[in-house]
Amino acid sequence: NAVAYANKFRKTESSGKNTWNWAAFFFSPFWFFYRKLYKIGSIFLTIRLALSIVALPFSSKFYSLTQEINQALKDSSYALSSGIFDSTAVFDDLIEAAIPLYIIGGLTILLSIVSGAIGDRLYKKYVTQKLNESNQIGDPLVFSHFFLKNSGVNVLAALVSFTVAYLVPNLLAQFFM
């Protein structure tokens, strides 16, 4: 995608405006790892993991309350004997568990918006730095090795970050559910 990014970088230099990166928005933090921006990818991955871990107790409570309500709706004798619908307490508890989940979801969306807004700028900085480093190499063989090592993408890093982002919260959820 070098040509597309080169055109995008030229446009930002001539206009002075930021560009939007949909891939960084939809696939944050994995896009950063894919583009070899490991430091910022690690920051975004840590924030995403922290949000997921904070959400676990609320998700567990929300899940158990919805299961209880579903059971009560299926079994009218259970609803009458448990008194689940006699007070609004169960619904208050449901709302109490849902509000933090909405806030955490909003923060996750905000994280994606920030990724989409800064992704191109950070990638341009990375590419420019690597080009400046490669211009200092005189030996063509060393240059080609450096260029191949530092250009392109890292699919494995993106897959590992994706696995970590979903595996860690799911493993921790076993303790809460």
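**Overall form**

The structure is a predicted model. Its protein chain has eight helices and zero strands, and the pattern read along the sequence is α-α-α-α-α-α-α-α. The C-alpha atoms fill a box of roughly 85 × 35 × 20 Å along the principal axes. The radius of gyration is 24 Å, whereas a compact globule of 177 residues would have a value near 16 Å. Of the 177 residues in the chain, 31% are buried.

**Helix H4**

Helix H4 covers residues 38-74.

**Salt bridges**

A search of the whole structure finds three salt bridges. They are set out below with the distance between nitrogen and oxygen.

| Salt bridge | N to O distance |
|---|---|
| Asp120 and Lys8 | 2.8 Å |
| Glu96 and Lys61 | 3.2 Å |
| Glu133 and Lys130 | 3.6 Å |

Asp120 forms its salt bridge with Lys8. Asp120 lies in helix H6 and Lys8 in helix H1 (residues 2-15), so this pair ties together parts that are 112 residues apart in sequence. Are the two partners buried or partly exposed? Asp120 counts as buried because its relative accessibility is 3%, under the 20% limit. Lys8, at 23% relative accessibility, counts as partly exposed.

Glu96 forms a salt bridge with Lys61. This pair also links distant parts of the chain, with Glu96 in helix H6 and Lys61 in helix H4, 35 residues apart. Lys61 is partly exposed, at 30% relative accessibility.

The side chains of Glu133 and Lys130 meet in the remaining salt bridge. These two residues are three residues apart in helix H6, and therefore about one helical turn separates them. An α-helix has 3.6 residues a turn, so residues three or four places apart point the same way. Glu133 is partly exposed, with a relative accessible area of 29%.

**A nonpolar surface patch**

Ile95, Ile99, Ile103, Leu107, Ile109, Leu110, Ile113 and Val114 make a nonpolar surface patch of about 690 Å². Val114 is found in helix H6, which covers residues 89-135. At 36% relative accessibility, Val114 counts as partly exposed.

**Backbone features in the loops**

Most residues other than glycine have a negative phi, and most peptide bonds are trans. Two places in the loops are of interest here. The peptide bond from Ser28 to Pro29 is cis, with omega near 5°. Pro29 lies in the loop between helix H2 (22-26) and helix H3 (30-34).

Where does Lys36 lie? Its place is in the loop between H3 and H4. Lys36 is not a glycine, yet its phi is positive, at about 70°. With a relative accessible area of 12%, Lys36 is buried.

Note on methods. Residues numbered from 1 in each chain as written. Predicted model: local features only at pLDDT ≥ 70, side-chain atom pairs only at ≥ 80, totals over all residues. Heavy atoms only, no water. Helix = DSSP H or I, 4+ residues; strand = E, 2+ residues; numbered from the N terminus. Expected span 1.5 Å × (residues − 1). Patch = residues over 30% accessible without salt bridge, like charges linked within 9 Å, V, L, I, M, F, W, Y side chains within 5 Å. Areas by Shrake-Rupley, 256 points an atom, 1.4 Å probe, with all protein chains shown as cover. Salt bridge = Lys/Arg side-chain N within 4 Å of Asp/Glu carboxyl O. Buried < 20%, exposed > 50% of the residue type's maximum accessible area, 1.4 Å probe, protein only. Rg over C-alpha atoms; globule rule 2.2 N^0.38 Å.
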